[in-house]
2 protein chains.
Amino acid sequence: MMIENSPLARKLGTFVALSDEDLSMLDRLHQRRRCFVAGVDLVHQGQTNQSAYILASGWVCSYKLLPNGARQIVDFQIPGDFLGLRSVLFRTADHNIEPVTQVEASEVIITDLLDAFANTPRLATAVLWAASRDEAMVVEHLVGIGRRNALERTAHYLLEFGARLKLVGLATKTGYDCPLSQYMLADALGLSAVHVNRVLRQLREMGLLTFQKGHVTIDDFDGLVALADFDKAYLDHDGPLLK
Amino acid sequence: MMIENSPLARKLGTFVALSDEDLSMLDRLHQRRRCFVAGVDLVHQGQTNQSAYILASGWVCSYKLLPNGARQIVDFQIPGDFLGLRSVLFRTADHNIEPVTQVEASEVIITDLLDAFANTPRLATAVLWAASRDEAMVVEHLVGIGRRNALERTAHYLLEFGARLKLVGLATKTGYDCPLSQYMLADALGLSAVHVNRVLRQLREMGLLTFQKGHVTIDDFDGLVALADFDKAYLDHDGPLLK
DNA sequence: TTCATGGACTGATCGACATCAGCTTTGCTG
DNA sequence: CAGCAAAGCTGATGTCGATCAGTCCATGAA
């Protein structure tokens, strides 16, 4: 069985060395596989008693709508990420979740997860670690919107995707597939789509990065890192931190 | 003993009805009381093996610095809030923490906390709840910076403080003490101090809110809620959600 | 083929907020 | 109470990014 190739196992494995027992416990969480089509909300604000999921394939976005019609995308989830954990704790969702692409996800029964926590503390550590990392990413996103200009912000965001996708084997040093439209990118970055377009052109003309036809090509990694003040360490490690 | 008057107990009590056992467990976490003076960093980026704290009195801010000299304040902590929990999990802090005022805080030994989790599941639920709420606030903050203009953003932020402080008995319907300078507010809201000043004047002239001499007076609560699109439900409850 | 739709892309114009430079008030300390 | 630093406050000017108003190009349906 290909347990250790699930995106989540792969990601957690870089944080914490997982035993066979941990891996099979992870596998047990992946029972109820479900599919969703792009564009149809999976969860929306105010909905109660939602389940949590682990993303197996495809991209998803979490966003909030404002009464003036604007929307802010808070985060994108990629394979290996948890979905809607906070909504479960809160009992009522405070944001919407929409698949960007077609999506496969495993429904997580919350008692299964708590079971897993009690029986495999190593796994629990890894999951908490991943959750902290997710929160750190939201914080970094906030900092970017608050204090970085459009160019730095965009560069930083796209670098971050590279790092996240590499953890689950969906990116190389030179680039990754990215199903986002410029509109979505705009709603994530707090910009207008028009301006995102100009910024992407600028990044391309500066020879740093090419965002085209659903694919991001990193043309000059070091240049991007310098421009965006990207902290290489914070998302990516050489091996498990906890042996 | 005045256990149930600690800000944390008071806050958690509005989420989950706590037993005497829960309360005395909470009390045990409050052993090592420490003090800090305003303006001197308590934690800074990159520092490792930091401890966590529970804030007993005073205000604290968590922020990040960018190489261009800008800073973004991610969150303020008020009495009853946890401090630096993520840094503990991550082993190395990804942000700075600075007391805004003189501060009293209890150092939390992480094993004590895990003990408390194992022995008093109700308390554990409450703490997780509080942590989710903190995360929800950061998300709301991100949405504000990304998609609300300066006026709405400021109004929303100051309303949120009112709601948070009310939970620990430090605010009334009509206002609260707020030790923040306009500079700090600016760094939290992603604005310049000059603009914050103008926005505060505008709020005052609109008869909505007065921010002066360390005190915020809510002049027209409903007006503010309408302007800021503030969700009254999300921070404030009439009684424990979990009986 | 024609039409419709949605994303990418561009120029012109406008406005919200930043920056700069200076003044005033407050509160602290010698 | 004089002197000073820090915060509050304000006008003038500049700029980044929004908005408006399109064109161009794919894809897919009729």
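These are my notebook entries on a predicted model with two protein chains, A and B, and DNA strands C and D.

**Entry 1: how the chains meet**

I began with the contact between the two chains. I found 26 residues of chain A in contact with 26 residues of chain B. Then I asked which elements of chain A give two or more residues to this side. They are strand 4 (71-77), helix 3 (85-90) and helix 5 (121-147). Helix 5 of chain A gives the largest share, 13 residues. I also sorted this side of chain A by class. It has 15 nonpolar, five polar and six charged residues.

**Entry 2: the symmetry**

A rotation of 180° superposes chain A on chain B, with 0.0 Å of shift along the axis and an RMSD of 0.0 Å. The two copies are thus related as by a two-fold rotation axis. Which residue of chain A comes closest to that axis? I noted A:Leu142, with its C-alpha at 2.6 Å.

I went back to the interface with this in mind. Of the interface residues of chain A, 100% are also interface residues in chain B, so the copies meet through the same surface.

**Entry 3: DNA strand C**

I turned to the DNA. There are 14 residues around DNA strand C. The nearest are A:Gln182, B:Asn149, B:Ser192, B:Val194 and B:His195. I see both chains in that list. Helix 7 (182-189) and helix 8 (193-205) of chain A, together with helix 8 (193-205) of chain B, each give two or more residues to this surface. Helix 8 of chain A has the largest share, four residues. By class, I wrote down six nonpolar, seven polar and one charged.

**Entry 4: DNA strand D**

I repeated the search for the other strand. Here 13 residues surround DNA strand D. What are the closest ones? They are A:Asn149, A:Leu191, A:Val194, A:His195 and B:Gln182. Helix 8 of chain A, along with helix 7 (182-189) and helix 8 of chain B, each supply at least two residues. For DNA strand D, the largest share comes from helix 8 of chain B, with four residues. The classes here are six nonpolar, six polar and one charged.

**Entry 5: helices 7 and 8 of chain A**

Helix 7 of chain A and helix 8 of chain A pack at an angle of about 100°, with their axes 8 Å apart. They are therefore roughly perpendicular to each other.

I listed the residues that meet. From helix 7 of chain A come A:Gln182, A:Tyr183, A:Leu185, A:Ala186 and A:Leu189. From helix 8 of chain A come A:Ala193, A:Val196 and A:Asn197. This contact has six nonpolar, two polar and no charged residues. One of these residues, A:Gln182, is also among the nearest to DNA strand C.

**Entry 6: helices 2 and 4 of chain A**

The axes of helix 2 (residues 20-29) and helix 4 (residues 110-119) of chain A come within 10 Å and cross at roughly 175°. That makes helix 2 of chain A roughly antiparallel to helix 4 of chain A. In the contact, A:Met25, A:Arg28 and A:Leu29 of helix 2 meet A:Asp112, A:Leu113, A:Ala116 and A:Asn119 of helix 4. I counted the classes as four nonpolar, one polar and two charged.

**Entry 7: the strands**

Last, I followed the strands. In chain A, strand 2 (residues 52-57) pairs with strand 7 (residues 103-108) in the antiparallel sense over five bridges. A:Ala52 stands opposite A:Val108 in strand 7. Strand 2 of chain A also pairs with strand 5 (residues 82-83), again antiparallel, over two bridges. There A:Tyr53 stands opposite A:Leu83.

For chain B I looked up the strand order. An open sheet of four strands runs 1-7-2-5, with antiparallel pairing. Which strands stand at the edges? Strand 1 (33-36) and strand 5 (82-83) of chain B do. Each has a single partner strand, so one side of each is left without a neighbour in the sheet.

How values were computed: Residues are numbered from 1 along each chain as its sequence is written. Chains are lettered from A and ligands numbered from 1 in the order in which they are written. This is a predicted model: local features need pLDDT of at least 70, side-chain atom pairs count only at pLDDT 80 or more; totals for chains, interfaces and linings use all residues. A residue is near a molecule or strand if its C-beta atom, placed from the backbone, lies within 6 Å of it. Ala, Val, Leu, Ile, Met, Phe, Trp, Tyr, Cys and Pro count as nonpolar, Asp, Glu, Lys and Arg as charged, and the others, Gly among them, as polar. Two strands pair if DSSP finds at least two bridges between them. Two residues are in contact if their C-beta atoms, placed from the backbone, lie within 7 Å. Copies are superposed by least squares on the C-alpha atoms of residues with pLDDT of at least 70 in both. Axes are lines fitted to C-alpha atoms, for helices over the stretch in contact, and angles run from 0 to 180 degrees between N-to-C directions. Angles under 35 degrees count as roughly parallel, over 145 as roughly antiparallel, 65 to 115 as roughly perpendicular and the rest as oblique.
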